[in-house]
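This briefing reviews selected side-chain contacts and surface features for computational work.

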Amino acid sequence: MKQFLVIGLGRFGSSVAQTLYESGEEVLAIDINSELVQDKISNKMIENGLILDATDNKALAELGVQEYDVAFVCTAEIEASIMITLNLKELGVKKIIAKAVSKSHGKVLAKIGATKVIYPEEYMGRRVAQLAMEPNMIEHIRFSHNFLLVEIKAPAIFIGKTLIESEIRKNYN
C-alpha cells in the first residue's frame with residue numbers, strides 16, 4: 001500500500017487528503033493550523049493529522065518524509081510552498097505533486113524538484129466550461145489529442161435496451 005503525505009489542509013489539500021482516505025489509502029495530513037487539522041479529523045475527512053510547520057526542514061526530517069511514496073504540497077502561500085517543495089526534495093521524497101497559483105510559481109516549483117505541478121483553478125475552469133458547452137456530458141477523460149473517453153446521459157431511446165438492441169455501432173459507427 002502506498003503512503004501519501006498531504007501538506008496544507010485548505011480546500012484543495014483537504015479534498016486531496018479526504019479522497020485518498022476514503023479510497024482506503026494510508027495518508028498523513030499536515031498543517032500549521034491546529035484548528036484545521038482537528039476539524040478534518042473530527043469530521044472524519046482524515047484519520048491521521050499533524051500540526052507541523054512543513055517549512056521546517058528539521059521537523060520534516062524527524063517525521064521521516066522520505067518514507068512516503070507521494071507528497072502533495074497544497075499550500076497557496078508561494079514562499080511556503082517553495083520552501084516545502086525544496087525541503088521534500090532535499091530529504092529524498094521521490095514524487096512531489098505541488099499546487100501552483102501562477103505560471104511563474106509553477107516554474108519555480110518544477111525547477112526545485114516538484115515532479116508534477118498542478119493548477120487547480122485553471123483545470124476546474126476548463127472542466128466547468130466543457131460541461132457548460134455539453135450539458136449531457138457527465139464526465140470526461142482526455143488520453144491524448146485524438147482520444148477522449150466521455151460519459152454522457154443516455155438518451156431516452158436507449159433506456160431499457162441492451163447495447164446490442166440500441167444499435168449504437170450501426171447507427172453511430
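**Aromatic pairs, nonpolar patch and salt bridges**

Across the whole structure, a search finds two aromatic pairs. One of them joins F143 and F147 in a tilted arrangement, with 5.2 Å from centre to centre and 40° between the planes. The model is predicted, and side-chain atom pairs count only at pLDDT 80 or more. The count of salt bridges comes to four.

**Aromatic contacts**

- A pair of aromatic rings is described by the distance of the centres and the angle of the planes.
- The angle of 40° between the planes of F143 and F147 falls between the limits of 30 degrees for stacked and 60 degrees for edge-to-face, so the pair is classed as tilted.
- F143 has 51% relative accessibility and therefore counts as exposed, the cut-off being over 50%.
- F147, at 46% relative accessibility, counts as partly exposed.
- K103 lies over the face of Y119, at 4.2 Å from the ring centre.

**Nonpolar surface patch**

- I141, F143, F147 and L149 make a nonpolar surface patch of about 410 Å².
- Strands β7 (137-144) and β8 (147-152) are the elements that give two or more residues to this patch.
- I141 is placed in strand β7, and its relative accessibility of 44% makes it partly exposed.
- The two rings of the tilted pair, F143 and F147, are also members of the patch.

**Salt-bridge network of K103, E122 and R126**

- Salt bridges link K103, E122 and R126 in a network.
- E122 forms a salt bridge with K103, in which the closest N and O atoms are 3.4 Å apart.
- Because E122 belongs to helix α6 (residues 120-133) and K103 to helix α5 (residues 103-112), this pair ties together parts that are 19 residues apart in sequence.
- E122 also meets R126 in a salt bridge, with an N to O distance of 3.1 Å.
- E122 and R126 are four residues apart in helix α6, so about one helical turn separates them.
- E122 is partly exposed at 35% relative accessibility, and R126 is partly exposed with a relative accessible area of 46%.

**Salt bridge of K170 and E167**

- K170 and E167 form a salt bridge whose closest N and O atoms are 3.9 Å apart, under the cut-off of 4 Å.
- K170 counts as exposed at 67% relative accessibility, whereas E167 is partly exposed with a relative accessible area of 36%.

Methods
Residues numbered from 1 in each chain as written. Predicted model: local features only at pLDDT ≥ 70, side-chain atom pairs only at ≥ 80, totals over all residues. Heavy atoms only, no water. Patch = residues over 30% accessible without salt bridge, like charges linked within 9 Å, V, L, I, M, F, W, Y side chains within 5 Å. Areas by Shrake-Rupley, 256 points an atom, 1.4 Å probe, with all protein chains shown as cover. Salt bridge = Lys/Arg side-chain N within 4 Å of Asp/Glu carboxyl O. Buried < 20%, exposed > 50% of the residue type's maximum accessible area, 1.4 Å probe, protein only. Phe/Tyr/Trp six-rings, centres within 6.5 Å; stacked < 30°, edge-to-face > 60°. Lys NZ or Arg CZ within 6 Å of the ring centre and 35° of its normal.
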